[in-house]
Amino acid sequence: MIQINGPASFWLTALLFFIAIFGRYVLFSILFWWLFKVSMKDQFAHRAVQTRPRKPGQDRREIGWSVLTSLIFTAIALGVILAYQEGYTLIYTDLATHSTLWYPISILLVLFIHETYYYWLHRWMHRPGVYRWVHKTHHDSITTSPWTAFSFHPIESTLQAIVIPVLTFVLPLHISAVGILLLIMTFSSAINHLNTEIYPRDFDRHWLGRWLIGATHHGLHHSQFRFNFGLYFTFWDKWMKTESPDYHGLFEEKTQKAGKRIE
């Protein structure tokens, strides 16, 4: 675990964390863009969820907001490191500290808590008095791309970023489990904002796929606003009946083979 013991190490750590956080966002964005918009463009062109063009300068604006988001994530990460050094968190570095079984359970438990927190936060952010101040920045991107993944107003960035750090104070989490959770978050966000459905046909009705959010599911949220509030999983949308009635039909349409799409 990184040790901060003076101003020089503090600012060096801040710089390294910002490079890691913003770099991870850039890396995943470029990777998904290259795979599905360049390398396999012909195979996936018909799977675009939203067909309306992106706004002029949208990439630049999204990257600008993402820089601010990465700075906020960096500040919160530094706070966690300082708290860890003072013995306030339950982060551990020795796998033998807790049972082997706890490691996967802790990841699944955090994912469930994070999903629950985000679903209700997301619905709150769509309240008329809150939306324009907190969530509108993200929804300015109706036709999304991987660059949209970190494009948030600073208030929303802070609200999104605090949940996992808070959990490190109440749940024992191995440092590598925290890293895995952050990778899952970035990977999922890139897929959901890709605006290209990459999952196979009928995956929305598969025993596993029916619970996972992809580009079609989240793309409908960006265009319809009233449905599909989940982050990683669909279970809260299903339980609260906020899943879009158009989801399965659109997923089927987008996953048809080229030339056999439902009209």
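**Working chat: a surface patch, a helix and some rings**

Modeller: Keep in mind that this is a predicted model. Let's begin with Ile19, which is partly exposed, with a relative accessible area of 48%.

Colleague: Where does Ile19 sit?

Modeller: In helix 1, residues 7-39. Ile19 also belongs to a nonpolar surface patch with Leu12, Leu15 and Leu16. Together they have about 390 Å² of accessible area.

Colleague: Switching to helix 7. Which of its residues are buried?

Modeller: Glu156, Ser157, Gln160 and Ala161. They span an arc of only 125° around the axis, so they are on the same side of helix 7.

Colleague: And what covers them?

Modeller: The cover includes helix 3 (58-85), helix 4 (102-125), helix 5 (128-134), helix 6 (136-139) and helix 8 (163-167).

Colleague: Now the rings. How many aromatic pairs in the whole structure?

Modeller: The search finds 22. Take Phe112 and Phe235: the ring centres are 5.7 Å apart and the planes are at 20°, so this pair is stacked. Phe112 is in helix 4 and Phe235 in helix 11 (residues 235-239), so the pair ties together parts 123 residues apart in sequence.

Colleague: Is Phe235 buried or exposed?

Modeller: Buried, at 11% relative accessibility. Phe112 is partly exposed, at 38%.

Colleague: What about Tyr119 and Phe229?

Modeller: Their centres are 6.2 Å apart and their planes at 90°, so that pair is edge-to-face. Tyr119 lies in helix 4 and Phe229 in the loop between helix 10 (215-224) and helix 11. Both Tyr119 and Phe229 are buried.

Colleague: Which cluster do these rings belong to?

Modeller: One aromatic cluster holds Phe112, Tyr119, Trp120, Phe229, Tyr232, Phe233, Phe235, Trp236 and Trp239.

Technical notes:
Residues numbered from 1 in each chain as written. Predicted model: local features only at pLDDT ≥ 70, side-chain atom pairs only at ≥ 80, totals over all residues. Heavy atoms only, no water. Buried < 20%, exposed > 50% of the residue type's maximum accessible area, 1.4 Å probe, protein only. Helix = DSSP H or I, 4+ residues; strand = E, 2+ residues; numbered from the N terminus. Arc of directions from axis to C-beta. Contact = heavy atoms within 4.5 Å. Patch = residues over 30% accessible without salt bridge, like charges linked within 9 Å, V, L, I, M, F, W, Y side chains within 5 Å. Areas by Shrake-Rupley, 256 points an atom, 1.4 Å probe, with all protein chains shown as cover. Salt bridge = Lys/Arg side-chain N within 4 Å of Asp/Glu carboxyl O. Phe/Tyr/Trp six-rings, centres within 6.5 Å; stacked < 30°, edge-to-face > 60°.
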